[in-house]
Amino acid sequence: MSAENKQILWLNCSKTVAVLAVLVDHTNGVLYTNQDIAYASYFSVSLFIIISGMTSYFSNLYSEKSSGGGYIEKCKKIVLSYSIAIFIHMIVITNSFDLQDYIYYLIHFNISGPHYFVLLYIQLMLFNSFLYSLLKKCPCSPRGYCYEVLVTVCIIVLSIWTTNHTNMLDVYGGGGKLFGGTYLVLYFFGMLVVRHNWLKEISLAKSGIMVIVFGTIWFWLWRFVCRNGLILEKYVTFGDGFNPPGITFTIFAFCMLFMTFGTFTLLEQIKCLSWISLLTGWLGKHTLYVFLYHKLILDFFLLKFISDLPDINIWLARFVFFFFMIAGSIVLEVCVSFIQKFIRCL
């Protein structure tokens, strides 16, 4: 497997870890009641945004070498997928279709809680080319690095202001802040990770060290938050520190990025365990649809038909709920893709 394919594989594995954390977060009170577990999952969207920054930088590099508009195509894909998801949600939830309500839900991103992510993603993409052009002006020299630090400081200051003083249609979390609030910082840092090749070289030793060091930091910080709450947020005005994230969950997300890099590149290098990375990476290709549909499957199917399963056997319930939220979303993706292809052929 080429180095480029390995890079894509572990990034897809990281997406899987992020979306599993989303499912954990959204089953709070259904599959568990311990708030410590919820805290452990709060890196999810932040990790998605870092990965988006990384893949956007790859897309920009690719666009420079070809006539393709890879990143623009991603934008079209998520908007179209989101528009179809709104239609399906309306049919399931209301058993009817009303164009006025459809347009309302479409522009307010609130027919389902997780849909705020779509507006967040779109806003970050609008800023993408500008951020990339700024980084391209930074030469690999002491002067260039100083310029890069200055740009980073400006983005942090801008993000703090947008987090505390902007509102986009009262959309939840980072979607309701101009350019995503502090998510813009994570997106930009993701671009920096690729620009400086911080996670490019892969070796057994490096993978193992990444898992141990950043796993330890993540675990210590998680236990600290469980005992003391978000103390660090008192010293930096990043909002409430949850969504958009503050200092604590920003560190959470980066620790998880480095942990997933170490874990899945390590598994790739162990022949008898490499299938785990391949399977996890395959699931990572479908995270958009899991993000769009898992709450619908949870609220209107699982909790409607097997709501008593957690009381009977909690571990069986966890397996069944997660399986159907993931598998059901992938089935919907296949069905929607088939319908789209059929329409194009008409």
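Tutor: Let's begin with Arg223, whose charged end is placed over the Trp222 ring, 4.7 Å from the ring centre. Here a charge sits over a ring if NZ of Lys or CZ of Arg is within 6 Å of the ring centre and within 35 degrees of the ring normal. Arg318 likewise lies over the face of Trp315, 4.5 Å from the centre of that ring.

A word on the basis: this is a predicted model, where local features need pLDDT of at least 70 and side-chain atom pairs pLDDT 80 or more, while totals for chains, interfaces and linings use all residues. Residues are numbered from 1 along each chain, and side-chain values use heavy atoms, without hydrogens or water.

Now the rings themselves. Rings of Phe, Tyr and Trp (its six-membered ring) pair if their centres lie within 6.5 Å, with planes under 30 degrees apart called stacked, over 60 edge-to-face and the rest tilted. That rule gives 28 aromatic pairs. Phe117 and Phe291 make a tilted pair, because their centres are 4.8 Å apart and their planes at 35 degrees. Phe117 belongs to helix α6 (residues 116–136) and Phe291 to helix α12 (residues 287–305), so this pair ties together parts 174 residues apart in sequence.

Trp220 and Phe224, by contrast, are stacked, since their centres are 5.4 Å apart and their planes at 20 degrees. Trp220 counts as exposed at 54%, and Phe224 as partly exposed at 21%.

Note on methods: Helix = DSSP H or I, 4+ residues; strand = E, 2+ residues; numbered from the N terminus. Buried < 20%, exposed > 50% of the residue type's maximum accessible area, 1.4 Å probe, protein only.
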